[in-house]
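Good morning, everyone, and thank you for making time for this.

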Amino acid sequence: MGQALVVFIFLSILSSFPMATNGLTIKLMRRDQVDLNLVPENLSIAEKHQIYADLAHSRALRFSEQAVMLNFMKSVNPFLNRSMGDRIWNDTISPKLSQLLDSMFVVPFTIGSQRYSTYLLFDTGSPFTWVQCHGCLNCFKIRGGPFDPRRSTTYRTLPFDSPLCQKQLRIRDSCGFRISYPTSSVEGITSLENVLFTTTAGPPMTVPNLVLGCATSAPGVTFGNNDGPHNPISGIFGIAMGLFRDSFMVITQYITKWKFSYCLPSWNAGHIQSNLLFGDDVKPLPRSAQTTPLQTVQYYLNCYDISVAGKRLNLDRALFRVRPDGTGGFIMDTGTAPTCLVAPAYDKVKEAIVLSLGRHMRPGTPVRPYDLCYSWPLPRIPQLPSLTFHFQNADLEIDFWNVFQTVQVSRGRKSVCMIMHRADIRAPNLLGAVQQANYRFVHNLRDQTLSFYPETCRGN
């Protein structure tokens with residue numbers, strides 16, 4: 001069913017796209033740039049990092065729960081396969097309510113003929129895109145109100161017998177969707193609508209007939225600390241791996257060509273906007289690029305070891321491997337700010353950094369939420385230690401100032417801390433956005449590969 005269905009979908013939607021369209025660039029923004037109630041500006045640097053840490057732990061737990069429950073579902077039904085295009089997303093495998101709020105980046109969406117402008121959370125762990133709609137029952141508040149499909153001349157509901165319909169829920173003759181949580185759910189009508197994407201690199205671009213969930217019920221769902229009328233976020237923009245028949249990457253494959261790319265600026269460089277590049281907007285890989293395989297829906301990588309200051313730690317590969325019950329693994333994750341490593345790996349990394357700097361200085365007082373900090377200015381040190389992640393066929397070297405950052409300033413003195421955390425042993429290791437800075441990452445979902453190379457990231 002999988003390949004034939006994808007070909008059928010591709011041919012049925014191909015006529016919707018202008019033939020000149022061969023790429024797409026979307027503005028990518030840090031969530032705390034638009035959601036000021038999530039990380040209020042009057043907080044100290046350390047208090048802001050505590051919020052980033054809480055979101056990171058929540059996200060790691062979400063990935064772990066989803067993996068465990070999907071593994072259970074596959075044990076019950078051995079024919080279940082993520083790549084077959086059937087989204088498995090119900091109350092047995094979905095994240096807890098508090099974990100819906102964990103992604104650190106948003107994309108601006110302009111929807112329909114009435115140009116409804118909003119932000120959606122960018123989530124590589126979710127296969128479906130949805131937005132709250134007018135008339136939604138028991139729903140969260142949104143600045144400017146929800147999307148009203150009655151005011152859009154380009155809005156159409158997806159028929160239940162459409163090959164794009166997941167057949168989860170039937171609402172009269174229309175295709176419905178349901179995303180359930182232990183204490184809440186999101187439910188509505190699967191629709192087709194035009195979406196205008198804005199970019200920092202050129203004029204806006206309209207993508208016609210994007211499959212979009214129009215949420216009409218979302219009891220208990222909120223987006224972070226901003227639970228009032230100033231909340232700017234109205235839903236989820238999901239681009240998980242896999243041939244989900246109603247996913248963004250499948251519906252727009254003529255444009256995206258199964259590829260997307262990003263380059264994140266340094267976390268402490270302020271709110272510099274980036275871009276998500278799709279299809280032919282992704283530049284050809286230079287000779288310096290390295291490539292490693294991608295695994296499963298959440299962008300898992302095969303991580304073999306870590307080096308500090310060029311010296312291998314000889315860690316047990318099992319620390320980064322997905323276990324038979326679905327837990328563990330290693331994920332390249334833009335939704336997390338700090339990197340999270342399982343305790344045995346984290347402790348070895350910390351020990352090696354302390355040893356590398358030990359001839360020149362001693363660790364200072366920890367600054368929550370981090371436990372390895374040094375007072376700045378540092379004494380003269382010949383070379384600050386870098387951190388290298390050794391993946392299958394590729395090595396990602398991260399310089400000292402993308403491992404450590406300023407977390408506290410007091411009386412002219414700074415505390416610089418290692419922006420990493422211990423993760424629960426059952427959770428996956430997450431390589432967060434802080435440590436991804438100043439690299440270009442290229443995801444090729446057709447080949448299931450991740451390529452990367454150094455690049456100065458300044459809004460590109």
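Predicted model: local features only at pLDDT ≥ 70, side-chain atom pairs only at ≥ 80, totals over all residues.

Let me begin with one term: by a polar contact I mean a pair of N or O atoms within 3.5 Å, where, within protein, one of the two must be able to donate a hydrogen and the other to accept it. With that in mind, please find Arg440, which has its place in strand β26, residues 439-444. The side chains of Arg440 and Ser261 are joined by a polar contact of 3.1 Å, a distance that falls within the 3.5 Å cut-off. Is Arg440 buried or exposed? Arg440 has a relative accessible area of 5%, and because buried means under 20%, this arginine counts as buried.

The mean pLDDT of the protein is 82, and 81% of its residues reach 70 or more. There are stretches at which I would ask you to look with that in mind: over residues 1-10 the pLDDT stays under 50, and the model has 17 contacts for them beyond four places in sequence. Over residues 12-20 the pLDDT likewise stays under 50, and here the model has 13 contacts beyond four places in sequence.

As for the overall picture, the secondary structure of the protein comes to 7 helices and 27 strands. Of its 460 residues, 58% count as buried. If we take the contacts in the protein with a separation of 6 or more, residues 24 or more positions apart account for 71% of them.

Now to the cysteines. How many disulfides does the structure hold? There are 5 disulfides, and when the bonded cysteines are numbered in sequence order, the pairing reads 1-6, 2-3, 4-5, 7-10, 8-9.

Let us take Cys133 and Cys214 to start with, which form a disulfide with their sulfur atoms 1.9 Å apart. This pair links distant parts of the chain, since Cys133 sits in strand β4, residues 130-137, while Cys214 sits in strand β9, residues 205-217, and the two cysteines are 81 residues apart. The link of Cys133 and Cys214 is left-handed, with -135 degrees about the S-S bond, and both Cys133 and Cys214 are buried.

Next comes the disulfide that joins Cys136 to Cys139, with an S to S distance of 1.7 Å. The link of Cys136 and Cys139 is left-handed, at -55 degrees about the S-S bond. Which side of the 20% cut-off for buried does each cysteine of this pair fall on? Cys136 counts as buried because its relative accessibility is 15%, whereas Cys139 counts as partly exposed because its relative accessibility is 21%.

The next pair is Cys263 and Cys457, a disulfide whose sulfur atoms are 1.7 Å apart. Cys263 lies in strand β11, residues 259-263, and Cys457 lies in the segment after β27, so this pair ties together parts that are 194 residues apart in sequence. The torsion about the S-S bond of Cys263 and Cys457 is about -70 degrees, and therefore the disulfide is left-handed. Cys263 is buried, with a relative accessible area of 0%, and Cys457 is buried as well, with a relative accessible area of 3%.

Two other cysteines deserve a brief mention. Cys303 counts as buried because its relative accessibility is 3%, and Cys340 counts as buried because its relative accessibility is 0%.

Finally, I would like to turn to a sheet. This is an open sheet of 3 strands in the order β19-β23-β22, with antiparallel pairing. Its edge strands are β19, residues 373-376, and β22, residues 404-410, each of which pairs on one side only. Neighbouring strands of this sheet are turned against each other by 30 degrees on average, with direction ignored. Between β19 and strand β23, residues 413-418, there are 4 bridges, and the two strands run antiparallel. Where does Ser375 find its bridge partner in β23? The partner of Ser375 there is Ser415. Across β19, β22 and β23 lies helix α6, residues 343-357, which runs at about 135 degrees to β23.

Technical notes. Residues numbered from 1 in each chain as written. Heavy atoms only, no water. Disulfide = S-S within 2.5 Å. Buried < 20%, exposed > 50% of the residue type's maximum accessible area, 1.4 Å probe, protein only. Pairing = 2+ DSSP bridges. Axes fitted to C-alpha atoms, helices over the stretch in contact; angles between N-to-C directions. Contact = heavy atoms within 4.5 Å. pLDDT = per-residue confidence, 0-100.
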